[in-house]
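Reader: Hello! Could you walk me through this model, one question at a time?

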Amino acid sequence: MTNCAAALALLLAMALMAATCDAPVDTPVAIPTPGSAAADRVALVALYHATDGPNWTDNRNWLTDVHIGAWFGVTTVRGRVTELRLDENQLTGTIPSTLGRLTNLRKLSLTWNQLTGAIPPDLGHLAQLQELVLGHNQLTGTIPSTLSGLTNLKTLWLSWNQLTGAIQPDLAHLTQLQDLGLSNNQLSGAIPSWLGSLGNLHSLSLEENQLSGAIPRILGDLHRLRHLNLAANHLQGPIPRELGLLASLEVLDLADNQLRGDLPPELGGLSRLTSLTLARNRLQGEIPPELGRLTNLRRLSLDGNQLRGTIPPQLGSLTHLRELSLRDNRLDGKVPSDLGHLANLQHVNLGSTNRLTGCLPARLRNARFNDLEELELPFCWYTS
C-alpha cells in the first residue's frame, strides 16, 4: 500500500469510527483531504490523545472549534500548521506517527516532557522541517534512518534521551545542518567520518554516550564549527592535529575519554577559543607553550592526565582566564611568576600528583576556589 493510500485508509477509519458513535448510519462522512488544514487538525487531535492532553500544563483551545492557529503552541500560515512548540508542557506517552502528515511543518519542538517510546520514522516525511527538537525526554530505540529525508533541517537536537545504536550513516544527507545534538544518550560505535562533510555545522554535541574509536581527523574540515563536545565517551588514540584548523571554534571539550599522546601545539592557533577542556584522559608530554596564544581563553582544564615538564610561562598571557586546572599530572619545576598576571582567576588547581617547587605568585591567593595549600609552597614576597 502506498503512503497516500495508507493515509486515506487511516483517515477513513477515523471518520467511520466517529460516524458510528455520533451519527446515524445514513449520515454522509467528510474525509479530510491529505495536505489540508482539516488533515492537520486530525494529526493534532491524535497528538493530544496520545500524550494525555487533558493533563498538559497548557492546553488552551485544543479540541475546540476555534481555528487551530489559536491552539496553544501551534502556529499556522494560510491555515496550515508551520510550527508546533509544546516544550515543558507535561506531555506523556508516545509521539504519534500522524505528526508525519503535517506536511507544511517547519519547526517541531517537544523538549522537556516525559515522552517515551521510539521516534516515529514517519517524521522523515516532513520535507520542509528546519528544526526537530525532542531533547530531555525518555525516548528509546535507534535514530530513524528516515530522518535523512529532512534535507532542509538546520537543527537536530535529540540530547538527553535513552537512544541506542550507532549514529546512522543516512544522516550524511542532512547537508544544511547547523546544530547537531545527540549528547546524553546511549549511542555506541565510532564517530562517523562523514560528519566532516557537514560543512554548515556550528555545533556538534556527542558527549555522554558510549562512542568508541578514534576522533576522525576529517572533523578538522568543519571550518564553521564553534562548539565541539565529545566528552565522556570511550574515545581512544591521539587528539588530531587537524582540530587546530577549526578557526571558528570557541569551545572544545574532549574530557573523560581515553585519549593518548601529546597535546598538539596546533591547538594554539584556535584564536577564538574560550574553553579548552581535555581533563581526565591519558595525555602525555609537555604542555605546549603555544597555548599561551589563546588570549580569549576563560577556561583551561588539563587535570587528570600524565603531562610532564614545567608549566609554560606563556600561560601568564591568558589574562582573561578564570579557571586554570593542571592538577593530578606529573608536572615539576618552579611555578612561573608569570601566572601572577592572571588577575581574573577564580579557580586554580595545581596540586596532588604534581611536584612543583619555588614560590607561588601572591595574586593566586585571590582565586576563590583553589588547592594551593596542598603544594606546601610559600607565596612570593614580591608583587607579581
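Author: Gladly, and a definition comes before anything else: buried means under 20% relative accessible area, exposed means over 50%, and partly exposed is in between, with a 1.4 Å probe and protein chains only. This is a predicted model, in which local features need pLDDT of at least 70, side-chain atom pairs count only at pLDDT 80 or more, and totals for chains, interfaces and linings use all residues. Residues are numbered from 1 along each chain as its sequence is written, and side-chain values use heavy atoms, with hydrogens and water left out.

Reader: Is Cys359 buried or partly exposed?

Author: The relative accessibility of Cys359 is 23%. Buried needs a value under 20%, so Cys359 counts as partly exposed.

Reader: Which cysteine does a disulfide join to Cys359?

Author: A disulfide is taken as a pair of cysteine sulfur atoms within 2.5 Å, and a search of the whole structure finds one. Its S to S distance is 2.1 Å. The partner of Cys359 is Cys380.

Reader: Why does that pair tie together parts that are apart in sequence, and by how many residues?

Author: Helices (H or I, at least four residues) and strands (E, at least two) are DSSP runs, numbered from the N terminus. Cys359 lies in the loop between strand S25 (355-357) and strand S26 (369-370), while Cys380 is in the segment after S26, so the parts tied together are apart in sequence by 21 residues.

Reader: What is the handedness of the disulfide?

Author: The torsion about the S-S bond of Cys359 and Cys380 is about 95°. The disulfide is therefore right-handed.

Reader: Is Cys380 buried or exposed?

Author: Cys380 has 6% relative accessibility. That value makes Cys380 count as buried.

Reader: How many bridges pair S11 with S13?

Author: On one side, S11 pairs in the parallel sense with S9 (residues 162-165) over two bridges, with Gln186 as the partner of Thr164. Towards S13 (residues 210-213), the bridge partner of Gly189 is Leu211. S11 and S13 also pair in the parallel sense, and their bridges number three.

Reader: Which residues is Ser193 in contact with, leaving aside its neighbours within four places in sequence?

Author: Ser193 lies in the loop between S11 (186-190) and S12 (203-205). At 47% relative accessibility, Ser193 counts as partly exposed. With contact meaning heavy atoms within 4.5 Å, the residues are Pro216 and Ile218.

Reader: Which residue stands opposite Arg308 in the sheet of three strands?

Author: This open sheet has the order S21-S23-S25, and its pairing is parallel. Two bridges join S21 to S23 (residues 330-334). Opposite Arg308 stands Arg330.

Reader: What does helix H2 reach from its first C-alpha to its last?

Author: H2 (residues 37-50) has 14 residues. The expected span is 1.5 Å times one less than the number of residues, and for H2 the expected value is 20 Å. The helix comes close to that, reaching 20 Å.

Key
Two strands pair if DSSP finds at least two bridges between them.
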